[in-house]
Amino acid sequence: MAKFLVTGGAGFIGSHFCDAALSRGHQVLAYDNLETGNKIFLTDALKNSKFQLLEGDIRELEQLSKAAQEFRPDWVIHFAANADVRQGLDRPRRDLDYNTTGTWNVAEAARRSGCSRILFSSTGSVYGEPKIFPTPETCPFPEQTSLYGASKCAGEAILSAYSHGYGMNNTVFRFVSILGPRYSHGHVFDFTHRLRQDPTQLKILGNGKQLKSYLHVFDLMNGLWKVIDAEPKGFQVFNIGHDDALTVDRSVSYIVDELKISPKYNYTGGERGWIGDSPRIQLDCTKLKTLGWKAERSLEQGVRDTVKYLKENSFLFEGVPV
Ligand SMILES: NC(=O)c1ccc[n+]([C@@H]2O[C@H](COP(=O)([O-])OP(=O)(O)OC[C@H]3O[C@@H](n4cnc5c(N)ncnc54)[C@H](O)[C@@H]3O)[C@@H](O)[C@H]2O)c1
């Protein structure tokens with residue numbers, strides 16, 4: 001049995017990680033300020049005696065360090081973040097505080113507690129608008145096109161420096177967009193939310209041709225555990241995403257089919273949905289596949305499962321502006 005401190009453990013992805021760790025018999029401390037997370041996602045975990053939820057903020061170094069020093073984790077799994085790519089320009093300090101300084105706090109708290117393994121949820125957005133597809137981990141870094149990507153890139157650099165400086169074995173995962181149960185932000189959420197308000201029409205940002213890879217959260221979990229079980233040494237980076245990709249139009253066709261509606265589409269036009277949107281994301285996951293991982297669920301299944309989940313859990317839309 002190992003001990004996992006999971007920042008952002010009440011969020012979409014973090015709560016699945018907590019469930020998976022508990023199902024493997026591990027002990028879990030979820031550390032979350034519940035800003036975008038939801039205790040409902042932890043309904044099963046909270047019944048498990050090996051699980052504890054601590055309400056705390058990664059921006060508070062002393063509070064986080066105290067939690068880590070008392071728990072003494074074998075692994076810190078770092079999901080807590082501002083995970084919304086699009087709000088960066090409206091609140092320009094937010095990504096820096098949550099994703100960069102927050103990640104430094106996590107690295108420092110782990111080091112102080114004697115923990116030598118951090119797994120970090122970075123993003124394919126760090127590639128900006130690359131020239132190579134599928135994009136390998138070794139792709140030369142282009143200009144950053146979003147504050148979110150820039151803040152995650154800086155977070156990766158901090159974990160790399162902690163690996164080299166303090167002999168830690170830190171692992172960065174660059175995720176594509178993740179789909180599936182408990183999904184609570186992203187394009188499938190936004191489209192479903194708006195179509196529930198007005199099933200007759202849908203505004204689509206960009207030209208609908210943006211081509212992106214996604215991944216079902218259960219396939220993501222399998223990938224994370226392949227790496228945890230392999231106990232990688234030193235600083236490592238792994239892409240994780242489906243080989244297949246969907247245009248926004250294709251994704252919308254699955255959403256409206258699940259909702260059984262036929263809206264009229266209004267495109268805002270242009271290649272990008274918003275400033276900082278990457279029109280194409282497809283990652284080369286050869287490195288992770290060498291550990292025996294592969295995605296088992298199609299992207300169509302990912303989108304459809306997500307819409308079904310949102311239909312059955314419409315409380316997630318409450319209070320979210322359309
Ligand atoms: N969902 C995706 O498609 C996707 C893609 C790429 C990378 N990621 C990364 O994966 C991680 C998890 O994303 P998610 O989709 O589960 O997002 P989420 O918003 O559902 O989860 C983030 C969790 O962190 C918590 N949190 C936020 N700020 C915090 C703070 N300052 N202190 C403590 N807790 C805080 C939130 O309450 C929430 O529970 C994030 O780091 C995100 O950037 C997600």
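## Basis of the description

Residue numbers start from 1 along each chain as its sequence is written. Because the model is predicted, local features need pLDDT of at least 70 and side-chain atom pairs count only at pLDDT 80 or more, while totals for chains, interfaces and linings use all residues.

## Two domains

The protein is divided into domain 1 (3-177 + 216-240) and domain 2 (180-213 + 244-280 + 296-316); these bounds come from an automatic or database domain assignment. The C-alpha centres of domain 1 and domain 2 are 26 Å apart.

Between them, 22 residues of domain 1 are in contact with 19 residues of domain 2 (contact: C-beta atoms, placed from the backbone, within 7 Å). On the domain 1 side, H1 and helix H6 (217-230) are the elements that give two or more residues. That side divides into nine nonpolar, nine polar and four charged residues (Ala, Val, Leu, Ile, Met, Phe, Trp, Tyr, Cys and Pro count as nonpolar, Asp, Glu, Lys and Arg as charged, and the others, Gly among them, as polar).

## The largest nonpolar core

The largest nonpolar core has 72 residues, of which Val6, Cys18, Ala30 and Ile118 touch the most other members. At least three residues come from each of domain 1 and domain 2. Such a core is a set of buried Ala, Val, Leu, Ile, Met, Phe, Trp, Tyr and Cys residues joined through C-beta atoms within 7 Å; a residue is buried if 20 or more other C-beta atoms, placed from the backbone, lie within 10 Å of its own.

Apart from neighbours within four places in sequence, the contacts of Val6 include Gly14, Phe17, Cys18, Val28 and Ala30. Tyr31, Ile77 and Phe79 are also in contact with Val6.

## A three-stranded sheet

Three strands form an open sheet of mixed pairing, in the order S12-S9-S14. Strands S12 (246-247) and S14 (280-281) stand at the edges with a single partner strand each, so one side of each has no neighbour in the sheet.

Strand S9 (residues 211-212) pairs with S14 in the parallel sense over two bridges (pairing requires at least two DSSP bridges). Ile281 in S14 is the bridge partner of Lys212. Strands are DSSP runs of E with at least two residues, and helices are runs of H or I with at least four, numbered from the N terminus.

## Around the ligand

The ligand is surrounded by 29 residues, the closest being Gly8, Gly11, Gly37, Ala81 and Ser121 (near: C-beta atom, placed from the backbone, within 6 Å). Helix H1 (12-23), helix H3 (94-113), strand S5 (118-123) and strand S7 (177-179) each give two or more residues to this shell. H1 gives the most, with three residues. The shell divides into 12 nonpolar, 13 polar and four charged residues.

Notes. Buried ≥ 20, exposed ≤ 12 C-beta atoms within 10 Å, placed from the backbone. Contact = placed C-beta atoms within 7 Å.
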